[in-house]
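Let's take a walk through this model together, with an eye on how its parts meet. Have the picture ready and follow along.

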Amino acid sequence: MARVAYVNGRYLTHRRAAVHIEDRGYQFGDGVYEVVTVLAGHMVDEAPHLDRLERSLASIEIALPMSRRALQLIGRELLRKNKVVNGLLYIQVTRGVAPRDHRFPENVRPALVMTTKHIDFAAQPKFEMGVRVIMIPDQRWARRDIKSIGLLPNCLGKQRAAEAGAYEAWQVDADGLVTEGTSSNAWIVTADGRLVTRPLGSEILHGVTRRAILAIAAGEGVAFEERPFSVDEAKHAAEAFVTSATSFVTPVVQIDDTPLGDGTPGPVSRRLLEWYRDYMVGGRNVD
Ligand code: PMP
């Protein structure tokens with residue numbers, strides 16, 4: 001069955017799905033996006049993802065291309081057409097199509113594209129085995145809280161990780177403090193079992209999974225601190241993990257060449273992953 005995409009008002013097979021060469025997303029990276037996980041046929045944390053989409057758009061002065069309800073209906077229809085039970089919904093909004101000029105065009109409609117993907121979340125050894133991360137300098141812009149489609153530094157970092165045989169690269173700021181992964185938030189667990197992750201601000205993306213994990217930790221009585229941590233503290237941590245919509249809670253067992261603990265996923269990370277799986281099924285946003 002051919003995959004179907006939603007492109008500016010039409011449902012098209014991927015072969016036919018295309019945007020104009022003067023789409024400002026293509027020429028300037030002038031747009032934002034969201035990735036929503038679909039599990040057992042339902043979107044996980046749909047509302048906070050749409051909230052973040054609205055915030056990202058407002059930050060760069062692009063209007064929501066249609067009502068939130070209409071966006072939700074198109075997302076559901078696309079998932080239905082593609083028969084996605086487990087996977088993701090990708091939503092991208094750009095400023096639209098206009099003759100190339102850095103200044104914002106007037107009277108241009110934002111361009112909206114949605115795609116879906118099937119993912120078998122069960123058959124992923126990373127959850128059981130854990131992963132390795134490497135440290136790289138953070139070379140991104142100052143507004144990392146905006147989920148911009150301008151992902152060149154993230155792509156360069158992820159490629160460096162792949163070439164090093166690692167799953168993710170943790171980006172490090174000028175003070176030697178970890179900001180976040182190239183497509184995930186970064187966490188460590190201290191020797192006394194406290195979670196540590198960087199506080200919200202413009203230095204990191206406000207992860208929807210991060211938010212859920214903090215709520216779960218609060219509910220389960222797991223202590224946490226929202227503060228920056230250094231590369232050195234991370235390498236001496238009891239445990240570490242990354243969170244994102246599609247990585248859930250992925251344990252980190254090695255940072256650069258330093259194994260964490262006994263080199264296998266730690267108990268806190270494992271428990272959080274179980275709780276998060278329960279949360280995704282039980283706390284899903286169903287209308
Ligand atoms: N940071 C960055 C840079 C990301 O790209 C992502 C994934 N979108 C995250 C963090 C995690 O965010 P979320 O939990 O909302 O997927």
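Between domain 1 and domain 2, the count of salt bridges is zero. Keep in mind that this is a predicted model. Polar contacts do cross the boundary, however: six residue pairs, both members at pLDDT 80 or more, are in polar contact between domain 1 and domain 2.

Which elements of domain 1 give two or more residues to the side that touches domain 2? They are strand 3 (31-39), helix 2 (46-59) and strand 5 (87-94). Of these, look at strand 3, which provides the largest share of that side with seven residues. Sorted by class, the side of domain 1 that touches domain 2 holds eleven nonpolar, nine polar and five charged residues.

The domain assignment of the protein chain places domain 1 at 4-123 and domain 2 at 126-280. Their centres, taken over C-alpha atoms, are separated by 26 Å. Where they meet, 25 residues of domain 1 are in contact with 21 residues of domain 2.

How much area is buried between domain 1 and domain 2? The size of an interface is often given as the accessible area lost when the parts come together. Here the area buried between the two domains is about 1800 Å², and carbon and sulfur atoms give 65% of it.

Terms used. Residues are numbered from 1 along each chain as its sequence is written. This is a predicted model: local features need pLDDT of at least 70, side-chain atom pairs count only at pLDDT 80 or more; totals for chains, interfaces and linings use all residues. Side-chain values use heavy atoms; hydrogens and water are left out. Domain bounds come from an automatic or database domain assignment. Contact means heavy atoms within 4.5 Å. Buried area is the accessible area (1.4 Å probe) that two parts lose on being put together, summed over both. A salt bridge is a side-chain nitrogen of Lys or Arg within 4 Å of a carboxyl oxygen of Asp or Glu. A polar contact is a pair of N or O atoms within 3.5 Å; within protein, one must be able to donate a hydrogen and the other to accept it, and residues adjacent in sequence count only if both atoms are side-chain atoms. Helices (H or I, at least four residues) and strands (E, at least two) are DSSP runs, numbered from the N terminus. Ala, Val, Leu, Ile, Met, Phe, Trp, Tyr, Cys and Pro count as nonpolar, Asp, Glu, Lys and Arg as charged, and the others, Gly among them, as polar.
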